[in-house]
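Subject: Handing over a structure

Dear colleague,

Please find below the structure that I promised to pass on to you.

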Amino acid sequence: MKTIIKKYGFLVLTVYTLGFTSCTKFLDESDPSNFTVENYFTKPEHARSSVNAIYASMRDPMSSGFGGGPWTMTEFATGQAATDLGQAVDSYFVKDLQNTADNSYGLNYWQNYYKGIGNANLSIAKIPSIPMDAAEAKKLLGEAHFLRAWYYFNLVQMFGNIPLITAPVDLKSDQLRPKQAAPDDVYKLIVEDLKTAEAAGLAWVDVTGRVSLGAVKSLLAKVYLTMAGYPLQKGAEYFDLAAKKSEEVIDSKQFKLFNTYGDLHNPAKKNMEENIFMIQYKTQIIPANWQELIIPYNKNISAYSAETGGIYATADFVKSYDPADLRAKEGQFFVTKFTNQDNRNLVVDLGGYFIYKIFDVAAHTSTANSDLNWSLLRYAEVLLIYAEAANEVTGPSTKIYDEVNLIRTRAQLPKLTGLSKDQLREAIWRERWYELCFENVTWFDMARLRKAFNVSTKGFDNYVGHKFSYGPVLTQRELLFPIPSRELRNNTNLTPTEGY
Amino acid sequence: MQNKYLITLTGRADGSSKFGTENQYAFFPSAALAWRVIEEDFMKNIPSISNLKIRASYGATGNSEIPAYRALAGMGNYNVIFDGTRNIGIGTNRMANSTLQWEKTKQIDFGLEVGLFSNRLNFELDLYRRKVNGMLLEAPLPLSSGYASIFSNVGSMENKGIEFSVNSTNIKTDDFSWSTTFNISVNKNKVLALASGDIFSGNGVIRVGEPVGSFFGRVHLGTWGTNEAAEAKKYNMLPGDVKYKDLNNDGRINDLDRTIIGKGIPDGFGTFLNTFQYKAWSLTVDLQYMYGNDVLDRSIHSAEDRQGIANSYKTVLNAWTETNQNTSIAQIRPINAYYTTNNDSHKVTDGSFIRGRNLLLAYTFPSATAASLKLNRLRVYGSVQNFFVATKYKGYDPEVSNSGAPFDQGLTLYDYPKPRVFMVGLNIGL
């Protein structure tokens, strides 16, 4: 009897199991060991992690090595940068104005910035449904909106007519192969996003390196200034908006200029005083990686084994500084001599003007592992945004002179005074060129002003027709970088950039 | 009846959780028919035919060889620094593909087996057509989506071919015998359809109407001469630079000027094996051949294009100079001048070859000798594996692939050469 129960009991169990486990259910796999978009976004910490991911893409174009570095693209495009790194052909194509849509630098920006936008879109779509503290959610969404605006602001300036994607994309989405949006619409989103971030309850300063209210307002001021110029040419109204927004940052008294230029590349000064917003690095964890690119080719000056000569300033640009300008003096913004790696008492002539303002002294002399952050928005720029915008609205004023002269005084230059509106405009532009060089700012200024700095006249030429000091002449097509050929291949709804 | 007609029918339904919820199951039937004609009564009157069989088959099979969870929108880890410490970020990694399904192969095959003269001469012939639907590959996505690629069923391709083999005992006497085996496989591969245009996979392209594993690159025309300086300048080139063909005639040389410059998969291949036996001596000559395949030697990228930066082939001694302009090798420039390097037709050569796969000579001692040593069997032999390769290819070995990407056959970058092995051996049977 017992055996019978055993036998039939087993049979019944088997039938039961078969009957109630339909085949489809049995293959429904969730992937419990990994997160998926469907099973994530259930806890407050998921909101934090998802916003963290948006930041990561800012680092990608900074990657540098023997193939060059995407971040140098907008530097070589100014005509003020030189290179000895023969194998980084993409640098030469940009520098010599022979760029093509195949350039990997442009592709890197396009790919990674859209990845950042994709992550921002995901956070913005999913965080509102997570049960969590409302104020915290609002702050996180503020960060996400700021970062989406940051990515779009850079992409629209570099590539012009770009797809505008504001929600997560999947296979069934009509935005999978999008058409290009008008730059006006992209800027509209950027401004909306920054206003959302502005109202998100963020602190004025965030020394941990996250988005702060100071960063939001500074970027918004920069966006307004850019909208006042090319290609939108929104003019006076936007100069006024830019002036007022930058004035809010100045009047907050949360930020100040560093006393020395050395602090621009001093790891102890991350995310404070002059540094409003930065790409975050930490030695031994995620070290900054552009150092090998900014030292001369194999002069044995550095603890890094790779010394590439990837980018340095042209002598023509450095020599255009006022001889009294502290920034152009040895060991301030530029360096022409350093010591030998095997004998630090032995001075090595570097053979060019290498960029000291982003040079990590400790990394080169001992660690080969950089602890620098990359500055994206600093207070000096905010002062110059204010001065430029306010001058357009009101003409020269004491306050404008005061702000510009803070920068000039630090450079040990005489204060500006008694200039006409036009003279002051050019004086402020010159200050931007001299103060913000090699920080991925100058080319963007050139594009919005359609002007280029002439190193021999020290005046400003029209962008189209401007001749670089080493020969090539800018044409209309160089107002934009070409949409990468890989993207054109995979999305036939896109129109290639004119002239490429 | 049972010996004359053979029928096999099978059917199986497979399910895999790797695929999208809409398409996890697929049914794979197959059928095979064979007619052993030799068993028919009318064959009894033809004594020279010792075997005759006709067969046909049709079958479907499935492939699910992709990593798990590719149908789901998996998220990935991102690291970020805040306050000088590592913070975890979780963000996008894979786009979901709920329609991901089995790759299905349908094959139809027709075969004929003939044996003549008590099977001293045997032929076997197979004709087949194999169609692969829903090829599982990583397909590129527009980057504006935030993703670079997605695992999907990208399209279909077909393989058509003939396989033929002969086994023959050419001579058989008491002291001497000679037998030959020859086989050949001829295959034609073609991509039939792709859901969204060309797929660039590794160094090749997958394009409708072309074989998979087609090499993709520029057409190398040599170098610009000093008398072409004006034309070279239009392309921002100097005399001494590599001259590529402006395929689309847009006045620029860029990635749009790439085309199919070769293919890694062969038109045909096979073996030719002869065995000779004379008294106690035996000799085996084993040859292998392949034709219609190209090799894309990417070692040239480093060894010719990067003169002065990397170690070079001695071919760079023939680099362009004012007095040596008829050359494929660009002028040697200072290290800080830029150089160009692209996959191009100069790096592609015909990889057809005949290889001496094995040459083996053996002598078996008479059983009396073996017995005197208290052994059952004693045999000595010497062999040379890979004893020659006849090919136009200049690299180490035309039968090469050291790339990990799918369909990258015939692609090499600093491959390790195939060794030639000399062996001497002794077989002892106790």
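This is a predicted model: local features need pLDDT of at least 70, side-chain atom pairs count only at pLDDT 80 or more; totals for chains, interfaces and linings use all residues.

For chain A taken as a whole, the mean pLDDT is 93, and 94% of the residues reach 70 or more.

Chain A in outline

The secondary structure of chain A comes to 17 helices and eight strands, and the C-alpha trace spans about 110 × 55 × 45 Å along its principal axes. Chain A has 500 residues, of which 60% count as buried, and its accessible surface comes to about 19,400 Å², with 54% of that area belonging to carbon and sulfur atoms. If you consider the contacts in chain A with a separation of 6 or more, 66% of them are between residues 24 or more positions apart. As for charge, chain A carries 53 positive and 55 negative side chains, and the centres of these two sets lie 4 Å apart.

Salt bridges

In the pair Glu143(A) and Arg48(A), the side chains meet in a salt bridge with an N to O distance of 2.8 Å. Because Glu143(A) lies in helix α7 (residues 134–159) and Arg48(A) in helix α3 (residues 44–56), this pair ties together parts of chain A that are 95 residues apart in sequence. Are these two residues buried or exposed? Both Glu143(A) and Arg48(A) are buried.

A second salt bridge joins the side chains of Lys234(A) and Asp184(A), at 3.4 Å from N to O. Here too distant parts of the chain are linked, since Lys234(A) sits in the loop between α9 (213–228) and α10 (236–251), while Asp184(A) belongs to helix α8 (residues 183–198), 50 residues apart. Lys234(A) has a relative accessibility of 30% and therefore counts as partly exposed, and Asp184(A), at 31%, also counts as partly exposed.

In chain B, the side chains of Arg129(B) and Glu158(B) form a salt bridge of 2.9 Å, N to O. Arg129(B) is in strand β7 (residues 121–133) and Glu158(B) in strand β10 (residues 155–172), so that the pair links distant parts of the chain, 29 residues apart. Arg129(B) is partly exposed, with a relative accessible area of 36%, whereas Glu158(B), with 5%, is buried.

Some charged residues of chain A are joined in a network of salt bridges, whose members include Glu274(A), Asp325(A), Arg327(A), Lys357(A) and Glu439(A).

One loop residue

Finally, please look at Asn340(A), which is found in the loop between β4 (334–339) and β5 (347–355) of chain A. Although it is a loop residue, Asn340(A) counts as buried, at 12% relative accessibility. Which residues does Asn340(A) touch, not counting those up to four places away in sequence? They are Asn300(A), Leu346(A) and Val348(A).

Definitions and conventions. Residues are numbered from 1 along each chain as its sequence is written. Chains are lettered from A and ligands numbered from 1 in the order in which they are written. Side-chain values use heavy atoms; hydrogens and water are left out. pLDDT is the predictor's confidence in each residue, from 0 to 100. A salt bridge is a side-chain nitrogen of Lys or Arg within 4 Å of a carboxyl oxygen of Asp or Glu. Helices (H or I, at least four residues) and strands (E, at least two) are DSSP runs, numbered from the N terminus. Buried means under 20% relative accessible area, exposed over 50%, partly exposed in between (1.4 Å probe, protein chains only). Contact means heavy atoms within 4.5 Å. Accessible areas come from the Shrake-Rupley method with a 1.4 Å probe; for residues, only the protein chains shown count as cover. Lys and Arg count as positive and Asp and Glu as negative; His and the chain ends are not counted. The place of a charge is taken as NZ of Lys, CZ of Arg, CG of Asp or CD of Glu.
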